[in-house]
Amino acid sequence: MTTTTDVTTQVYRVYINAPAQKIWDTITTPEWNRRYGYGAPQFYELKPGGAYRATASDAMNDYHRAHGLPELDTIGDGEILECDPPRRLVQTWRMLMDPTTAAEPFTTLTYEIAEVPAQPGVHRLTVVHDVTGAPATAALTGGSLEDTGAGGGWPWVLSDLKSLIETGKGFTA
Amino acid sequence: MTDDDRVFKALADPTRRFLLDLLFARDGRTLTELESELEMTRFGVMKHLKVLEEAALVVARKRGREKVHFLNPVPIRLIHDRWIDKFTEQHAAALADLKRELEESP
């Protein structure tokens, strides 16, 4: 997590009692990735150079309609840099909902899924988010804006993802 | 030992909490950098870091030839999410804010 401006990498890890392919699918398919965290369906073109696109969640769309705001479409975008299913995914990542984060450079996001030899069946998901030059994005993903209603960033998303996979129920879905 | 047991065991030591405080203030530090902040042998600091890594409160990653340590808040979040629901959260956060404010005012 980031508390000073010179820190540019966030590292998060969670242990999940599930096969690697299940964890991979939960991250990369909109059927699953809409069911935890921010609830935004995310679409992956899973090959190097492929597109990444996050679209507004139902809750975000309802809020915009209720307040007479314009329809939301793409709320985040990026490009796939490396794809080695179900082990490793590297992509660029930018959040477009907020004008400050939208103006920042693309960040680099790495997902690693590894076996835990001591605990058969358990896999270790590590998320490395390089937020160099993107302090507003870092504040959002680090969770320090949670009190303002911006969600709890990666710690919150990964806790919810673990709940969804292990119990079939997330906090939001 | 369960994951929770490892987290509580790791947090039940002032030196290990101090190491987490150091990483909270500035993340991504080497063993040498962390050691310089403590009156303790290198071996002692390594032992504490190992307990923190086993609880996943610290994640060590290679950066070039160095090994750097990051604070991982997810295990604490899991404990939070287990006992504090969305309704209670607002009250708990308000009380925590009040305590901080009262204790910080002169």
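In chain A, 49% of the contacts with a separation of 6 or more come from residues 24 or more positions apart, a contact being two residues whose C-beta atoms, placed from the backbone, lie within 7 Å. For chain B the corresponding share is 52%. This is a predicted model, in which local features need pLDDT of at least 70, side-chain atom pairs count only at pLDDT 80 or more, and totals for chains, interfaces and linings use all residues. Residues are numbered from 1 along each chain as its sequence is written, while chains are lettered from A and ligands numbered from 1 in the order in which they are written.

Chain A contains six helices and seven strands, where helices (H or I, at least four residues) and strands (E, at least two) are DSSP runs numbered from the N terminus. Their order along the sequence is β-α-α-β-β-α-β-β-α-β-β-α-α. With a radius of gyration of 16 Å, close to the 16 Å that the globule rule gives for 173 residues, chain A is as compact as a globular protein of that length; the radius is taken over C-alpha atoms, and the rule is 2.2 Å times the number of residues to the power 0.38. Of the 173 residues in chain A, 35% are buried, that is, have 20 or more other C-beta atoms within 10 Å of their own, with C-beta atoms placed from the backbone.

Chain B has six helices and three strands, and 25% of its 106 residues are buried. Its strands form an open sheet in the order β1-β3-β2, with antiparallel pairing; two strands pair if DSSP finds at least two bridges between them. The edges are β1 (29-30) and β2 (58-63) of chain B. Six bridges join β2(B) to β3 (residues 66-71) of chain B, and Lys62(B) stands opposite Lys67(B) in β3(B). Helix α2 (residues 14-25) of chain B packs on this sheet, touching β1, β2 and β3, and its direction makes about 95° with that of β3(B). That angle lies between N-to-C directions on a scale from 0 to 180 degrees, with axes fitted to C-alpha atoms, for helices over the stretch in contact.

The largest nonpolar core has 34 residues, of which Tyr12(A), Leu158(A), Leu52(B), Leu57(B), Val58(B) and Phe70(B) touch the most other members. Such a core is a set of buried Ala, Val, Leu, Ile, Met, Phe, Trp, Tyr and Cys residues joined through C-beta atoms within 7 Å. Helix α6 (residues 153-167) of chain A gives the most to this core, with seven residues. A second, separate core of five residues includes Tyr38(A), Ala40(A), Ala54(A) and Ile75(A).

Conventions:
A residue is buried if 20 or more other C-beta atoms lie within 10 Å of its own, exposed if 12 or fewer, and partly exposed in between; C-beta atoms are placed from the backbone.
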